[in-house]
Each structure stands twice: as structure tokens, then as C-alpha cells.
Amino acid sequence: MALNKFMHPRNAYKTKKPDFKQLAEKYEYFKEKVSVNVSGKVILDFKDPGSLRALTQALLENDFGLKVTLPLDRLIPTVPQRLNYILWLEDMIGENCPARGIDIGL
């Protein structure tokens, strides 16, 4: 989940990485997918689809209040990049557009 200068200025993930430790303390399904290294850092295996699924669910629930179930046979959206996409679309459509949303790729 790389943070970079190309992320939208309103994207909260541009300046603040998700706190895996806090997410693991709050969501049991996420805690089951992380490990702790010898220095105490909470580690997520980004190559494991189950771990990515748990991360996406935790971020959507924690940051947007959305409780979702992601099917095992579907692609797993990356929340920071999807949010970035929506924010750029919002800019192109215009600030006066009353529509709001988040694309979670289902």
C-alpha cells in the first residue's frame, strides 16, 4: 500500500498509513491474518488473498463504517487506491455534484 505524491490531496491515506496494530486490536478477523515480528511490528502478508481481504474489510469498516463480505472468488480492492480513484472522479465531475460514493470493486 504505497503512499506517494500522486495520491489525491483529500485522500486520508496520502499522509497516514493504516495502523495494523490498531486494526488487529479492533477486528478479530484481521488479527487472525497478521503476525508480529521480533521488534513488535505487526506484519501482513500482502501475497495472501485472505490477508488482503481482511485488510480491505477492516479498512472499510474502520474508516467508512461499512461492514462488507468479500466473496472468495472476486478481486480484492485496495481501499486507498479506490478512494483515490473516486476523489479524482469527483474532481472531474465537479464540486456541485450531489453524488457521493466509494467504489469497492465488487
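Guide: A polar contact is a pair of N or O atoms within 3.5 Å, where within protein one must be able to donate a hydrogen and the other to accept it, and residues adjacent in sequence count only if both atoms are side-chain atoms. This is a predicted model, in which local features need pLDDT of at least 70 and side-chain atom pairs count only at pLDDT 80 or more, while totals for chains, interfaces and linings use all residues. Residues are numbered from 1 along each chain as its sequence is written, and side-chain values use heavy atoms, with hydrogens and water left out.

Visitor: Which pattern does the protein chain follow along the sequence?

Guide: Helices (H or I, at least four residues) and strands (E, at least two) are DSSP runs, numbered from the N terminus. The protein chain has 4 helices and 2 strands. Read in sequence order, the pattern is α-α-β-β-α-α.

Visitor: Is Arg-10 buried, partly exposed or exposed?

Guide: Arg-10 is found in the segment before α1 (20-26). Buried means under 20% relative accessible area and exposed over 50%, with partly exposed in between (1.4 Å probe, protein chains only). Because its relative accessibility is 45%, Arg-10 counts as partly exposed.

Visitor: With which side chains does the side chain of Arg-10 make a polar contact?

Guide: Leaving aside residues up to four places away in sequence, Arg-10 touches Leu-87, Glu-90 and Asp-91, where a contact means heavy atoms within 4.5 Å. A polar contact of 2.8 Å joins the side chain of Arg-10 to that of Asp-91. Another, at 2.7 Å, joins the side chain of Arg-10 to that of Glu-90.

Visitor: Which element supplies the largest share of the lining of the largest pocket?

Guide: On a 1 Å grid over the protein atoms alone, a pocket is an open set of points where a 1.4 Å probe fits, with protein on both sides within 12 Å along at least five of seven lines, and lining residues have an atom within 4 Å of a point. The largest pocket holds about 250 Å³ of space, a volume being the space filled by probe spheres set on the points, which are joined across faces, edges and corners. Of its 11 lining residues, those closest to the centre are Lys-17, Pro-18, Phe-20, Lys-41 and Val-42. The largest share of the lining, 3 residues, comes from β2.

Visitor: Which element gives the most to the lining of the second largest pocket?

Guide: The second largest pocket has about 210 Å³ of space. Two or more lining residues come from each of α1 and α3 (49-64). The element that gives the most, with 4 residues, is α3.
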